[in-house]
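Please read them with the structure in view.

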Amino acid sequence: MRVALCQIAPVFLDRDATLDKVLSALDEAAHEGAQLAVFGEVMVPGYPIWLARTGGASFDDPEQKAWHARYLAEGVDIEAGDLEAVQEAARQNGLAVVLGVAERPSDRGGNTLYCSCVTIGPTGEIWSVHRKLMPTYEERLVWGVGDGNGRAVHDLHGFRLGSLNCWENWMPLARHSLNAQGETLHCAIWPGNLVNTQ
């Protein structure tokens, strides 16, 4: 199986523009013969980098409130159809997709963001949505604590595909839960990082 590792930058805090980039990457991946395309953690709409740079834990701070409100507004609501174009691209190209999103699920009130890993099958069906079990360090200021419902593996071209978000890949029991389901192909998605060019 050919896998496309889509290491592209989001259009920061712009869900729709970032999803357009995802769609372009899927077209390119399919053109190159990929059967699975994998994106980074919270590709849509980006990683909350301001937390480490602006005093993210400042209490009752207008700047932090503004950042959080913008992030919440740009969150991905799967129930509202925010990923329908990605699902259709997966279907048209016969391509499975693993995509990291800041999910704002309306079926849970729409007021909490989750660091979610969405797995879409080559028929366009959403196979699973795994919400990060425990956000790491300052991530807890913006993401809710997930649950185990989305930890699943999926049959794909002779493999058993599973995935985890970032630090979860170092959690033995999280990994074991996928191993116990017969996982043979693991997608460990991480956020991007600044590159030291000096």
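1. Cys 166 counts as buried at 8% relative accessibility, where buried means under 20% relative accessible area with a 1.4 Å probe and protein chains only. Cys 115 is likewise counted as buried, at 1% relative accessibility. The sulfur of Cys 166 has its closest cysteine sulfur in Cys 115, 7.4 Å away, which is too far for a bond. With a disulfide taken as a pair of cysteine sulfur atoms within 2.5 Å, the count comes to zero.

2. This is a predicted model, in which local features need pLDDT of at least 70 and side-chain atom pairs count only at pLDDT 80 or more, whereas totals for chains, interfaces and linings use all residues. Residues are numbered from 1 along each chain as its sequence is written, and side-chain values use heavy atoms, with hydrogens and water left out.

3. Glu 168 lies in the loop between β7 (159–165) and α4 (172–179), the helices (H or I, at least four residues) and strands (E, at least two) being DSSP runs numbered from the N terminus. Glu 168 is buried without a salt bridge, and the nearest side chain of opposite charge, Arg 151, is 6.4 Å away; a salt bridge would need a side-chain nitrogen of Lys or Arg within 4 Å of a carboxyl oxygen of Asp or Glu. The side chain of Glu 168 does reach the backbone nitrogen of Leu 133, at 2.7 Å.

Methods: Buried < 20%, exposed > 50% of the residue type's maximum accessible area, 1.4 Å probe, protein only. Lys, Arg positive; Asp, Glu negative; His and termini not counted. Polar contact = N/O pair within 3.5 Å; in protein donor to acceptor, adjacent residues only side chain to side chain.
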